[in-house]
2 protein chains.
Amino acid sequence: MSTARLECTQAQTVVRRLSAFRELSESAVTALEKAVGERIVRAGAGQDLVSEGEQLDRIRIVLAGWLSRYKTLEDGRRQIVNFVLPGDVVGLPGSFLDRAAASVVALTDVRVRSCSLEAFVRLSFHLPKFGLALSWLAAQEAANYAEHIIDVGRRTPIERLAHLLLELHARLAVVKFAEESAFTLPFTQEMMSDALGLSVPHLNRMLAKLRNEGMIAMSERRVEFLDLKALRQLAQFQPLRPARIPVPEEYELD
Amino acid sequence: MSTARLECTQAQTVVRRLSAFRELSESAVTALEKAVGERIVRAGAGQDLVSEGEQLDRIRIVLAGWLSRYKTLEDGRRQIVNFVLPGDVVGLPGSFLDRAAASVVALTDVRVRSCSLEAFVRLSFHLPKFGLALSWLAAQEAANYAEHIIDVGRRTPIERLAHLLLELHARLAVVKFAEESAFTLPFTQEMMSDALGLSVPHLNRMLAKLRNEGMIAMSERRVEFLDLKALRQLAQFQPLRPARIPVPEEYELD
DNA sequence: CGTCTCATTGAGTTCTGTCAATCTAAGTGG
DNA sequence: CCACTTAGATTGACAGAACTCAATGAGACG
């Protein structure tokens with residue numbers, strides 16, 4: 001695949017994500033890229049894009065790759081707050097806080113568009129729909145966080161594992177990074193256990209159980225759903241369905 | 001206290017909350033109230049303001065009272081995702097999703113300003129700073145959610161209890177609903193245990209432990225911090241410090 | 001004084017984490 | 001091509017944490 005083609009595909013990521021928000025005119029996309037897409041940056045797996053406590057003033061939109069947002073307690077316990085996928089934004093809430101409350105690390109090689117907070121704020125004033133789009137993305141993230149709280153708070157280990165797998169698959173599917181009923185996890189079981197608040201051995205047992213009960217198959221890091229219905233029932237998973245945002249007619253043309 | 005005085009105090013709630021965001025001119029506050037504050041609504045304790053699955057198109061700003069955002073699993077397990085305090089917004093992410101992902105119930109009698117999503121969107125187009133303020137509030141909420149995920153995922157029961165108490169106190173203090181080092185919980189231990197992912201008996205034991213170790217005192221539902229330093233150390237609590245949002249000069253006057 | 005809700009305590013059981021060993025696959029260097 | 005190394009997956013034994021169930025206390029209210 002040529003570089004040009006790749007760029008094109010990855011630019012699509014953002015459009016795919018936002019097109020559930022509302023149709024984006026070509027000029028709007030151009031404006032977004034002009035203001036936001038000034039700089040495309042790569043980072044290697046393992047590299048921190050944000051470090052807890054850091055003062056942040058950049059926003060990054062993920063084009064390709066996986067990251068995780070996490071926090072480490074003093075004695076080394078680590079909790080992964082969420083996984084950041086293509087089409088997601090890095091730098092919020094960090095940029096809206098005095099200092100970043102969590103760290104963000106690249107789990108794979110990643111490519112992001114990076115822009116200053118100031119440029120983004122300027123864009124939102126110029127074209128308010130983008131400020132709104134940000135709220136809209138933040139709202140989806142909040143909904144994912146809420147489910148994650150339910151996972152670790154009240155779902156049993158096997159239920160929360162099932163829920164995580166379904167959530168990741170659904171989110172990847174939105175930006176066309178997943179197959180119909182399979183996807184590839186780019187990380188170790190330790191990551192998964194840190195996301196789910198479990199120990200590695202116990203996570204491993206739960207994975208084995210899902211396999212034994214014929215709900216999933218795993219080869220290497222590829223996860224395949226064998227019994228989607230049972231999985232959804234087990235996890236009580238409900239896909240996130242974003243709403244279209246009503247835009248006043250007088251602004252329709254922006 | 002006269003009704004007029006009460007209105008005044010409660011209007012202050014929103015201003016207090018947003019004034020950490022940036023100074024609000026008098027005209028901006030007027031515009032906000034005009035667009036958003038058209039309707040003031042009361043709800044009694046126990047009443048649902050949002051029900052899971054419902055289609056939402058209203059945003060509500062809490063003036064006084066406590067609410068909780070929660071979800072119930074099929075077999076009755078319940079998880080409280082967060083507590084909603086004066087100055088917080090109800091209806092997000094609900095209004096940005098096809099249907100509300102969680103329910104919101106009033107824990108005490110509450111007073112909220114209610115406005116249609118459409119009116120709010122219109123306001124954000126007219127004065128983009130309010131759209132941005134929404135993102136800014138959402139970012140703080142996300143940061144609180146993240147800490148809550150760490151609570152239930154990796155903090156021990158006593159740590160997460162300490163963390164919850166400190167967080168609630170800090171959030172109440174922002175809107176002047178707390179004393180220097182004490183505040184009143186308006187709900188039962190069952191609520192707390194559902195927020196923390198614990199059973200009631202175990203939560204009760206942890207509360208007793210905090211008391212025995214001289215970190216807190218409780219009479220009725222009033223919580224007093226006796227050893228703030230030890231509590232913060234135990235919970236590894238870091239207060240949330242919102243940043244001021246830079247506004248382009250050409251929009252300064254809005 | 002009875003009733004109700006909520007807080008508190010105790011006993012026993014289950015779940016899940018810890019620790020440690022083993023297994024597997026993918027490199028790596030000779 | 002093979003021995004060696006290493007990261008990660010898997011499994012087992014065991015201890016301790018937290019849950020469930022059930023009983024008791026305490027206070028509010030009619």
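These legends walk you through a few close-ups of a predicted model.

Local features need pLDDT of at least 70, and side-chain atom pairs count only at pLDDT 80 or more, while side-chain values use heavy atoms, leaving out hydrogens and water.

**View 1. A:His169 in its helix.** You'll find A:His169 in helix 5 (residues 157-174) of chain A; helices here are DSSP runs (H or I, at least four residues), numbered from the N terminus. With 12% relative accessibility, A:His169 counts as buried (under 20% relative accessible area, 1.4 Å probe, protein chains only). A polar atom of its side chain lies 2.9 Å from the backbone oxygen of A:Glu179.

**View 2. An open sheet in chain B.** Here 4 strands line up in the order 1-8-3-6, with antiparallel pairing. Strands are DSSP runs too (E, at least two residues), and two of them pair if DSSP finds at least two bridges between them. Strand 1 (39-43) and strand 6 (89-90) stand at the edges with a single partner strand each, so one side of each has no neighbour in the sheet. Strand 3 (residues 58-64) and strand 8 (residues 110-116) of chain B pair over 6 bridges.

**View 3. Where chain B meets chain A.** Between the two chains, the count is 8 salt bridges (a side-chain nitrogen of Lys or Arg within 4 Å of a carboxyl oxygen of Asp or Glu). One salt bridge joins the side chains of A:Arg241 and B:Asp98, at 2.9 Å from N to O. Helix 4 of chain B gives the largest share of the side that touches chain A, 21 residues.

Note on methods: Residues numbered from 1 in each chain as written. Chains lettered and ligands numbered in written order. Buried < 20%, exposed > 50% of the residue type's maximum accessible area, 1.4 Å probe, protein only. Polar contact = N/O pair within 3.5 Å; in protein donor to acceptor, adjacent residues only side chain to side chain.
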